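Please look over the sequence and the structure shown here before reading on.

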Amino acid sequence: MTGQRSAWLLIAPLLLVLLLSFVVPLVLLLPTSFQEYQPGQGMVAGSFTWENYLRIATDGYYREVVLRTLALGLGVTVLCLLTGYPVAYLIVRGHPRWRLPLTLLVIFPLMLNLVVRSFGWIVLLTNRGVVNNLLIDLGLIERPLKLMFNMTGLLIGLTHIYLPFMVLMLVAALQNVPRDVEAAAATLGSSRTHVFWSVTLPLTAPGIIGGSILVFVLTISALVTPRMLGGPTYQVMATLIYDEYMQLLDWPSGSALSFALAASTLVIIWISSRMTKRWAGMA
Amino acid sequence: MSNLSLRNIVKRYGRTEVVRNASFQIAEGEFVSLLGPSGCGKTTILRMVAGLLEPTEGQIMIGEREVTRLPPNKRNIGLVFQSYALFPHMTVFENVAFGLRRKGESGKPLEERVNAALEMVRLGGYGARFPRQLSGGQQQRVSMARAIAPRPSILLFDEPLSNLDAKLRDEMQIELKRLQQELRITTLFVTHDQAEALSLSDRVGVMHGGVIQQLDRPEEIYHRPANAFVASFIGKPNRLQGRVEAGTVALGAGLALRPERLDLPEGSAAEVFLRQEAIRVLRAPEPGALAGTVALRAFSGPQVQLVVRLAHGAEIVVEVPSAEDTASLAPGEAVYLAIRPRDIIVLPQGAEP
């Protein structure tokens, strides 16, 4: 019993902070999301409506933003995984001399302010930006590519920003793969490639799923970068929620969107943790 | 199945030589152990045979095929690790099937061979379980089944019993012996446990400092150690200093031992190795027995250990079965130690560690 009590005491501070700063506001927000909104007057007191939630699913514009956000999350996650795995593999399995420089290189972007990094991408990606100018000067293209205010820009910017998280998760997972197990597969007739696909990759599944959840959740809730690289017109859910609250003062609609975003996040985390267990054969 | 031969194998890391010019052959179906303290290079040799390390110099042949630079997957070997190294994400069945699938086996024949291998290590019916649901001993048996199922030409063991507790280790040792007799696969076994090496092997190679000191039948290793290292590493020997005099080794204070074999020149300094278990303890004098007094007595269940101080001051440790009358000898009492001439091992002094 003492064990259990001290366990509660140990997590109490964090629990309290979460309760006050997260759960309570969330519960307060819930009724708001069911209230009617009259443009110019604000919320209608004592009203109850499903309209705010129905609109997310039925209204073409909202639906497009939701799907775009999910597609963006998926895209950034896949890109981070594909580009991050080789880097993590090199950090863990490469020459020890390269470990520190590579790790620093991965972490370095985290030391820069988010706004600065996003501005950097704007400088690179705009119509008269570095990338387009270079390509035009080289004669590879005639007119500038559209790299901003669309999915391409957001994918590039967000992948860059969230790659470190993915790499760090994968490094931890790869370090946990026993070399003997890989050697065992090799002695049993597995080529290097087959060892990777049949042993290394499945054994890093927890890291892959963990990193993917992290990147996905961070991506679909990202505000600053999508706003800067997407502009005022190319909206994702986070920027839309921001606008509903701050520009239109439509709190009910913003709250409903927030809940929809949180709910879809939870569903995705749940599904992927089920997938890990099935894939890695671990409980 | 085929023989394994190593020719002048050298492994260097920078300037340190971990294995120095190792050459030996294992005949088809033979069981050879490499025995030595940690860091003696035995595991390095095994990993080079497996293809997990590349030798700096020399050649490794499996049968007629040179495999020195081949990757492990092209060598047709089975390796059993100290850490078991099972695939945690696969069932026991899939673990054992892994090597067979790589050889293109599938369907009914695959199933039969996996089950036969599991049967052989007495784990039939465990196929659907995951490694983490098994005990250490069971996991090691799975890893043996996994190694033997694809019928490798060479079987390698890297300290396979070291992670098990003492009781289980004895059981597994018997299991291994049985398996080896049934399969007769050419086997290289690496261990630091001499009882394991001596009881399992056809021949034992004792290693020290990257050099194979002696490679011979277990009886030879035990009774006729080639040098001081082997003599002091195997068994629980007492070491005494002496000088060769007229067919005996004189220890001082009138004490002398008459060994069966004495190849050293008259008058040279000699080192005598007497195993604790080869010394008989007597209460009454006997011709050739060494006189002394009991200095210490320690009871350890089946055995009693006596520390006996000889007339010239040197101390000898002897083991007496606790059922013997002499087991009750107390410190201060006079004793006589009788040693059969063939159990007296004499080597030149100062040759080795």
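**Confidence and domains**

This is a predicted model, and the predictor gives the complex an ipTM of 0.83 together with a pTM of 0.81. For chain B the mean pLDDT is 89, with 99% of its residues reaching 70 or more. Within chain B, confidence is lowest in strand β13 (residues 255-257), where the mean is 80, whereas it is highest in α2(B), at 95. Chain B is divided into domain 1, covering 4-228, and domain 2, covering 236-348. Taken over C-alpha atoms, the centres of domain 1 of chain B and domain 2 of chain B are separated by 39 Å.

**Where the chains meet**

How many residues of chain B are in contact with chain A? There are 21 residues of chain B in contact with 18 residues of chain A. On the side of chain B that touches chain A, β6 (77-80) and α2 (92-102) of chain B each supply at least two residues. By class, the residues on that side of chain B divide into 14 nonpolar, 5 polar and 2 charged.

**Packed helices**

Two packed helices are described by the angle between their axes and the distance between the axes.

| Helix pair | Axes come within | Crossing angle |
|---|---|---|
| α2(B) and α3(B) | 9 Å | roughly 120 degrees |
| α4(B) and α5(B) | 11 Å | roughly 15 degrees |
| α5(A) and α7(A) | 11 Å | roughly 140 degrees |

The axes of α2(B) and helix α3 (residues 107-120) of chain B cross at roughly 120 degrees, which makes α2(B) oblique to α3(B). The crossing in which α2(B) passes α3(B) is right-handed. To this contact α2(B) brings Phe93(B), Val96(B), Ala97(B), Leu100(B) and Arg101(B), while α3(B) brings Leu110(B), Arg113(B), Val114(B), Ala117(B) and Leu118(B). Sorted by class, the contact of α2(B) with α3(B) has 8 nonpolar residues, no polar ones and 2 charged ones.

Also in chain B, the axes of helix α4 (residues 136-148) and helix α5 (residues 166-183) cross at roughly 15 degrees. Because an angle under 35 degrees counts as roughly parallel, α4(B) is roughly parallel to α5(B). Here too the crossing is described by its hand, and α4(B) passes α5(B) in a right-handed one. The residues that make the contact are Gly137(B), Gln140(B), Met144(B) and Ile148(B) on α4(B), and Leu168(B), Met172(B), Leu179(B) and Leu183(B) on α5(B). In this contact of α4(B) with α5(B) there are 6 nonpolar and 2 polar residues, and no charged residues.

In chain A, the axes of helix α5 (residues 114-125) and helix α7 (residues 151-175) cross at roughly 140 degrees, which makes α5(A) oblique to α7(A). The hand of the crossing in which α5(A) passes α7(A) is right-handed. The contact is formed by Arg117(A), Ser118(A), Trp121(A) and Leu125(A) from α5(A), and by Gly153(A), Ile156(A), Gly157(A) and Ile161(A) from α7(A). The residues of this contact of α5(A) with α7(A) fall into 4 nonpolar, 3 polar and 1 charged.

How values were computed. Residues are numbered from 1 along each chain as its sequence is written. Chains are lettered from A and ligands numbered from 1 in the order in which they are written. This is a predicted model: local features need pLDDT of at least 70, side-chain atom pairs count only at pLDDT 80 or more; totals for chains, interfaces and linings use all residues. Two residues are in contact if their C-beta atoms, placed from the backbone, lie within 7 Å. Helices (H or I, at least four residues) and strands (E, at least two) are DSSP runs, numbered from the N terminus. Ala, Val, Leu, Ile, Met, Phe, Trp, Tyr, Cys and Pro count as nonpolar, Asp, Glu, Lys and Arg as charged, and the others, Gly among them, as polar. Axes are lines fitted to C-alpha atoms, for helices over the stretch in contact, and angles run from 0 to 180 degrees between N-to-C directions. Angles under 35 degrees count as roughly parallel, over 145 as roughly antiparallel, 65 to 115 as roughly perpendicular and the rest as oblique. A crossing is left-handed if the near helix is turned anticlockwise from the far one by less than a right angle, and right-handed if clockwise. Domain bounds come from an automatic or database domain assignment. pLDDT is the predictor's confidence in each residue, from 0 to 100.
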